[in-house]
Amino acid sequence: MARSPDTRWCVLYIDITGFKLVNDVMGFQFGDEVLRYLADVLLKEKGAQDIVCRFSADNFLFLHAYDRWKDVGALCQRIIGAMRCPAIGGRQNVPLSVHIGVFCLEDDPGAGDISLMVDRAHMAQKSIKNGR
C-alpha cells in the first residue's frame, strides 16, 4: 500500500457460514474441499495488486485495490454468488454461503495499518453475521 499511495484499498473479511456444521456433518475432508473451493474463487477474482490469504479456520482476507466503491460491491456479489450451491467434491448443489465484512481505507485514512483494516473489516463481518 505504501508503494501505491494513490490507490484506493479495502479489506474484505470473508467467513463461511456454518462451516463447523459442514465439518461435523460431511467430514473434515469435505470441509477441506470447501476451503480450497473458496480459495479458488478468491484467486480467480484477485487483481494484480491484490493479496488473498486464509486468515484462520474458515476466514479469508482479501486486500483489494479498487477504482470505485460499486466495484467492491460487485466483487462481493460475485464471491457470494460463486458460493451458492456449487458442485464440490462430486456433490452437486452444496448449500453454502459467506458473510463478507468490508473496510475501505478512504472511510478512515488514519487506519492505514493493515491490522487496523483487518479488525475493522472483521467488525463489519460480525455485524452482518449477527444481523446488526
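The legends below describe close-up views of a predicted model.

**View 1. The largest nonpolar core and the elements that build it.** The largest nonpolar core of this predicted model has 26 residues, and within it Leu-12, Ile-14, Leu-38 and Ile-79 touch the most other members. Two or more residues each come from strand E1 (8-16), helix H1 (19-26), helix H2 (28-45), strand E3 (59-66), helix H3 (69-82) and strand E4 (98-104). Of these contributors, H2 gives the most, with five residues.

**View 2. The surroundings of Ile-14.** Leaving aside residues up to four places away in sequence, Ile-14 touches Leu-38, Leu-42, Asp-58, Asn-59, Phe-60, Phe-62, Ile-79, Val-98, His-99 and Ile-100. Leu-38 and Ile-79, both in this list of contacts, also belong with Ile-14 to the core residues that touch the most other members.

View 3. Another core, made of 12 residues, lies apart from the largest one, and its members include Leu-63, Phe-103, Leu-105 and Ala-121.

**View 4. The salt bridge between Glu-106 and Arg-8.** The whole structure holds five salt bridges, and one of them joins Glu-106 to Arg-8, with the closest N and O atoms 2.6 Å apart.

**View 5. The salt bridge between Glu-45 and Arg-78.** The side chains of Glu-45 and Arg-78 form a salt bridge in which the N to O distance is 2.9 Å. Because Glu-45 lies in helix H2 and Arg-78 in helix H3, the pair ties together parts that are 33 residues apart in sequence. Glu-45 counts as partly exposed at 23% relative accessibility, and Arg-78 falls into that class as well, at 42%.

**View 6. The salt bridge between Asp-71 and Arg-68.** Side chains of opposite charge can pair when their charged atoms come close. In this view the side chains of Asp-71 and Arg-68 meet in a salt bridge, at 3.0 Å from N to O. The relative accessible area of Asp-71 is 24%, so Asp-71 is partly exposed, and Arg-68, with a relative accessible area of 45%, is likewise partly exposed.

Definitions and conventions
Residues are numbered from 1 along each chain as its sequence is written. This is a predicted model: local features need pLDDT of at least 70, side-chain atom pairs count only at pLDDT 80 or more; totals for chains, interfaces and linings use all residues. Side-chain values use heavy atoms; hydrogens and water are left out. A nonpolar core is a set of buried Ala, Val, Leu, Ile, Met, Phe, Trp, Tyr and Cys residues joined through side-chain atoms within 4.5 Å. Buried means under 20% relative accessible area, exposed over 50%, partly exposed in between (1.4 Å probe, protein chains only). Helices (H or I, at least four residues) and strands (E, at least two) are DSSP runs, numbered from the N terminus. Contact means heavy atoms within 4.5 Å. A salt bridge is a side-chain nitrogen of Lys or Arg within 4 Å of a carboxyl oxygen of Asp or Glu.
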